[in-house]
Amino acid sequence: MRLYLLTFACVFIQMCYAQVHENVKPQEVFAVVDFLSSDVLMGRETATQGELIAAQYIQSKLIEAGIKPYFKTYLDSFDSKGKMGVNVVGFIEGNDPVLKNEIVILGAHYDHVGFGHKVANDSIANGANDNASGTAAVLTIANRIAKSKANKRSVIVALFSGEEKGLIGSKALAKKLKEQKINLYTLLNFEMLGVPFIDRDYEVFLTGYELSNLGDKLNAYTNSTLFGRSDVATKYNLFSRSDNYSFYTQFKVPCHTISSCDLTNFDFYHHVDDEIDKFDSAFMAEIINKLIPGIIKICNTYSCLLYTSDAADE
């Protein structure tokens, strides 16, 4: 009996450690993507009313999760060709007296292109996959981290605007954080996670996979082959075409984008038919739930030092 109780106790502790968060449900990510890709937001173009509505919605989700603003307010403005764009930035303080001084950034751009070529009297480019999906991933992951209070390193939650204008929102924030001399450990950027690959030996790719050991570490931390290298992403140098690159150029630490879409499996990039009906919420919830333990491990590990290859500068 004593051996049985001891075994049960060990299993219970392991289960509690592995499951420090409530699983993200498909309807949760669907609700975020559905709102952000609705016609009311008119395609979420930077420095428009639609962008501001989206930013206020994102702010409400951070408040709901108990995530504090990183600056005095959640909305952090930047110049967009003489107009004002806004990033939304939250903060989850780490629980370790030493590691909390190191920062993990979870980021995604929430803006889109506004309007596109008209199809069947519809000209609103809603951007469900690009990038309401990535925004939903960041919000749900940050929600679980904040509620579990499991992170030793501090986490900045950054939702960028201006990506479609040339990464201007993330460039502005990266510059500001560099001037503050934050100790950035890594940045994980989330982009187009709303559709699955077919016939790949991985589920998501990491842009610039070969440029650091982050992908290998995340596979080890999730005990999976979740992450892989996309030849298409390498061919088109997607490493430098999303918001991760703004932070890599400033900090020279591993900063990568996580995605399940290298455009070989999605025909509606910057198209008015990038709508909620193309979005696979069950797939995305499954991916997020697989990711969370790995991200928490990134926030907590003492032993692993991530590195960036010199090839990233080539």
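**Salt bridges and aromatic contacts in a predicted model**

The side chains of E203 and K290 meet in a salt bridge, with N and O 2.7 Å apart; the term covers a side-chain nitrogen of Lys or Arg within 4 Å of a carboxyl oxygen of Asp or Glu. This pair links distant parts of the chain, 87 residues apart: E203 lies in the loop between strand 8 (183–190) and strand 9 (204–206), and K290 in helix 9 (residues 281–300). Helices (H or I, at least four residues) and strands (E, at least two) are DSSP runs, numbered from the N terminus. E203 is partly exposed at 25% relative accessible area, and K290 is partly exposed at 30% (buried is under 20%, exposed over 50%, partly exposed in between; 1.4 Å probe, protein chains only).

The model is predicted, so local features need pLDDT of at least 70 and side-chain atom pairs pLDDT 80 or more, while totals for chains, interfaces and linings use all residues. Residues are numbered from 1 along each chain as its sequence is written, and side-chain values use heavy atoms, leaving out hydrogens and water.

By the salt-bridge rule the count comes to 14.

Turning to the rings, 11 aromatic pairs are found in the whole structure (Phe, Tyr and Trp, its six-membered ring, with centres within 6.5 Å; planes under 30 degrees apart are stacked, over 60 edge-to-face, the rest tilted). F197 and F205 form a tilted pair, 6.1 Å centre to centre with 50 degrees between the planes, and both are buried.
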